[in-house]
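Dear colleague,

Please find the structure below, followed by an account of what was found in it.

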Amino acid sequence: MTNFWIHPALIMFVGAALLPVVPERLRKGFMLLVPMLAFARVMSLDHGVYGEVPFAKWTLIFGRVDKLSQIFGYIMTLMAIIGTLYGLHVKRVGEHVAAWIYVGGSLGAIYAGDFLTLFVFWELMALSSVFLIWFRGRKESLSAGYRYLLVHMTGGVALLAGIMVHYHATHSMAFVALDVTHANLATYLIATGFILNAAVPPLHAWLPDAYGEATFNGSVFMCAFTTKTAVYALIRGVPGLEILVPLGVIMALYGVVYAVLENDCRRLLAYHIISQVGYMVAGVGLGTELAINGACAHAFAHILYKGLLFMGCGSVLHMTGESKFTELGGLYKKMPWTFVFTLIGGLSISAFPLFSGFVSKSMIISAGFADHKFWVGFLLLLASAGTFLHTGLKVPYFIWFGKNNCKPKTWAKAADPGWNMIAAMAIASALCIFIGCYTPYLYRMLPYNVPYHPYNLPHISETLQILLFTALGFFLLLKKLRPEAVISLDIDWFYRKGGDVFLWIARKPVQAFDAFVGELYRLVGLKGLMGSARSVGEFDNAVIDGAVDGFAGSFRRLGASLRKAQRGALQENLMVAFAIAALLLVVLIFVF
Amino acid sequence: MNIVRLIDFLRDRLKTVVRVCYVLLALLVAADFVRWAIAPTPHGASEAAAEHATGAWAALYRFSETAPAFWSVFGFVACALIIILSKWFGHRGIMTREDYYND
């Protein structure tokens, strides 16, 4: 490279590579320094195109810096600081390494100027974030991680196929807005890859499955990066794609319905990610300047308040070991500060005036009304009543008030978490309120210059009426909302149970056929034939089966020993292998 | 802990707190009626454009722009609908025992 240009992602990757060798007494300082450096680097970027690297017959573009990539780069690195601070006391270095590579992957995708670069970083995000699930160490985490990986690899294949078809048709790898008025196979394949990561139903079930199972601080990272990088990719690649409007509205309502049924607070929050990302997806589909601004603003605000909510519920999980409403309740005496911060997150996501959601969500709804898609506006407002109902009311009420379902052990362990977790939540809370009160901070960063003023009397009155009368409904219908110790079946049923159904169908007819043949054999009674068959059978038993069984047996033994390795060391080995591969790739590209 | 003391203070006077909340709701609705009495017609760019839009949703939009306390009713009905319909949906076999996936 002729002019040396430091990619913010590179700072995260180098930091991740160095972290294991940093002496323990310097580690906490180093951990805070690296994401801050990345944040400072994002702040210092000038608009333009940097890091162009010829590769085969294409040019890879690592650094396209404009208003759109900057607002996402800004919030991602800011969240990396908060998330790292929150998990500062976690001893296992691998978790931080995985989280940082994940952040780097997201930054790489955001600043990518061509589809190939985008794709590489896109996959890196899935490969690194899966460790944040596996490090939880439960039996369920292992399988949840594999499901997560499998689903994302499928999405990756769709994206790659779309990129190939697109290249074949246009001979261009540039990651720019596709022609959505003449959407073709390539557009839909690429959009499928994007909307899978944005968790648009029916491609959404991976999200609650994974985020409910990840480590307490892993979920804080995951809730920010995957879906919002996908929102960025949608804004960049397919703004104005009509189908995204109904999909986004369905998403917003779908998450709300499942949140009613959910008993696990982190899975409830996960369903509300789907709901909130629905607003952004609908905004991208509307495609007007106001709607795109709204999608960006809402992604920005969402990362902070959803991170805050996951930090609050993560604190409860971290301190008590419980995340189910049926095992919690009445904790305000034990965890008052966690309650206050979670409530601020809840008021922000519900778009209360003076909190961040108020200045961002309404932009998308206004864009819907202004575009004369009135049904979009009304249904999104319906979903926002549901948002307050759950995140603003149900989560705080059933954890910190309500019936005390805590076991004596849970109650004894419950307390506000350590200073770093409190500090991270305090910073996120302060930002949520700051964004809500001082709108130019966020609005100045938006890609289009469209005047928008959320603070006017009709809008405030409308919002307060919806929210406060939702609260009235909540308290009147409280009995109906009592948590139940159940899980809810979602689309993931098809790949978690569908295999069993397939096996059953396959087995039954095969068995029936086998029995039929056996019966025929007996009825026809070909005794003579059976005599000669017996000698053949003996040969078969002694020689062939012996060889086959022996072979199979040794395979099984190998498999078992591998499985043992897998439960313990293999994940960490894989982690190291991925880290080294990623580092080599980065060094190769940036330094040559 | 100040926060705990504050919460306990409010919990000890729960009846008063609830009464204050009802008064606030009533004031909110009353304020919207005042708005309607003073300026019953909407104003603004998107509202003016919406006057010519047709269809049931557009009609609902125009109604929402003028009718007093529309959003209070909307919020309450939305909340009740979401709870009742979701629970109904959940009890049609979507909600199941916690160890469902473990066998």
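Two residues are in contact if their C-beta atoms, placed from the backbone, lie within 7 Å. The contact between the chains takes 40 residues from chain A and 36 residues from chain B. On the side of chain B that touches chain A, 15 residues come from α5(B), the largest share. That side divides into 26 nonpolar, six polar and four charged residues; here Ala, Val, Leu, Ile, Met, Phe, Trp, Tyr, Cys and Pro count as nonpolar, Asp, Glu, Lys and Arg as charged, and the others, Gly among them, as polar.

This is a predicted model, in which local features need pLDDT of at least 70 and side-chain atom pairs count only at pLDDT 80 or more, while totals for chains, interfaces and linings use all residues. Residues are numbered from 1 along each chain as its sequence is written, and chains are lettered from A and ligands numbered from 1 in the order in which they are written.

The pLDDT is the predictor's confidence in each residue, from 0 to 100. Its mean for chain A is 88, with 87% of the residues at 70 or more. Over residues 564-568 of chain A it stays under 50.

Helices (H or I, at least four residues) and strands (E, at least two) are DSSP runs, numbered from the N terminus; two strands pair if DSSP finds at least two bridges between them. In chain A, strands β1 (residues 48-55) and β2 (residues 58-65) run antiparallel, joined by seven bridges. V49(A) has R64(A) as its bridge partner. Between the chains, β3 (residues 487-488) of chain A pairs with β1(B) in the antiparallel sense over two bridges.

With kind regards
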